[in-house]
Amino acid sequence: MKYFAALMMGLLVTNAYAVDLSGIYDCRGEDAHEGEYTGMVTMKLRKEHSKGADTSYDFQLEVPDYGIYKGHAAAHGMHAAMHFALPVENGEYGGKTNDYGTGIAEFKKGADGRLMFRKFYFEPAFKGGNTGVEECVRR
């Protein structure tokens, strides 16, 4: 019984502290409208808005020939929600194409020990609505 209690205490302590997901990630994606693409995600921890397993990040996605999507992410442990958008252009959020959205990602360590994530995203206004998936690996 004391081994079970020790195991449970270890799990509680482990879940009370988050892994810092900050870094630069190389990504490959599949967009329902645009097809395959590559990009680079940069995430930076906002310590002043983070506590324990709940962490906040500045988020940026750079996609060649499309632009720089800026946003933010809120994470709990190894799961994160991410919001991203192209810059406002002529008063249009997400630029003239309304290219903005929200994604949900699960992080894990790959076989090589590097942090990686898979993100599903939804863009409600881009070309009548859009979805996609990205897989990213930290450098």
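Biologist: What is the relative accessible area of serine 50, and how is that value read?

Modeller: Serine 50 has a relative accessible area of 22% and is therefore partly exposed. Buried means under 20%, exposed means over 50%, and partly exposed lies in between (1.4 Å probe, protein chains only). This is a predicted model, in which local features need pLDDT of at least 70 and side-chain atom pairs count only at pLDDT 80 or more, while totals for chains, interfaces and linings use all residues. Residues are numbered from 1 along each chain as its sequence is written, and side-chain values use heavy atoms, leaving out hydrogens and water.

Biologist: Where is serine 50 found, and which residues does it contact beyond four places in sequence?

Modeller: A strand is a DSSP run of at least two residues, numbered from the N terminus. Serine 50 belongs to the loop between strand E2 (35-45) and strand E3 (54-63). Contact means heavy atoms within 4.5 Å; with neighbours within four places set aside, serine 50 is in contact with Leu45, Thr55 and Ser56. Its C-alpha atom is separated by 9.0 Å from that of alanine 74, 24 residues apart along the chain.

Biologist: Which backbone atoms does the side chain of serine 50 reach?

Modeller: A polar contact is a pair of N or O atoms within 3.5 Å; within protein, one must be able to donate a hydrogen and the other to accept it, and residues adjacent in sequence count only if both atoms are side-chain atoms. The side chain of serine 50 reaches the backbone oxygen of arginine 46 at 2.8 Å and the backbone nitrogen of serine 56 at 2.9 Å.

Biologist: What does arginine 46 meet in a salt bridge?

Modeller: A salt bridge is a side-chain nitrogen of Lys or Arg within 4 Å of a carboxyl oxygen of Asp or Glu. Arginine 46 meets aspartate 58 in this way (3.1 Å, N to O). Arginine 46 lies in the loop between E2 and E3 and aspartate 58 in strand E3, so the pair ties together parts that are 12 residues apart in sequence. Salt bridges that share partners join Arg46, Glu48 and Asp58 into one network.

Biologist: How many salt bridges are found in the whole structure?

Modeller: The search finds 6. One of the salt bridges pairs arginine 139 with aspartate 26 (2.9 Å, N to O). Arginine 139 lies in the segment after strand E8 (130-138) and aspartate 26 in strand E1, so this pair ties together parts that are 113 residues apart in sequence. Arginine 139 counts as exposed, at 57% relative accessibility. Lysine 127 and glutamate 34 also meet in a salt bridge (2.3 Å, N to O). Lysine 127 is in the loop between E7 and E8 and glutamate 34 in the loop between E1 and E2, so the parts tied together are 93 residues apart in sequence.

How values were computed:
Helix = DSSP H or I, 4+ residues; strand = E, 2+ residues; numbered from the N terminus.
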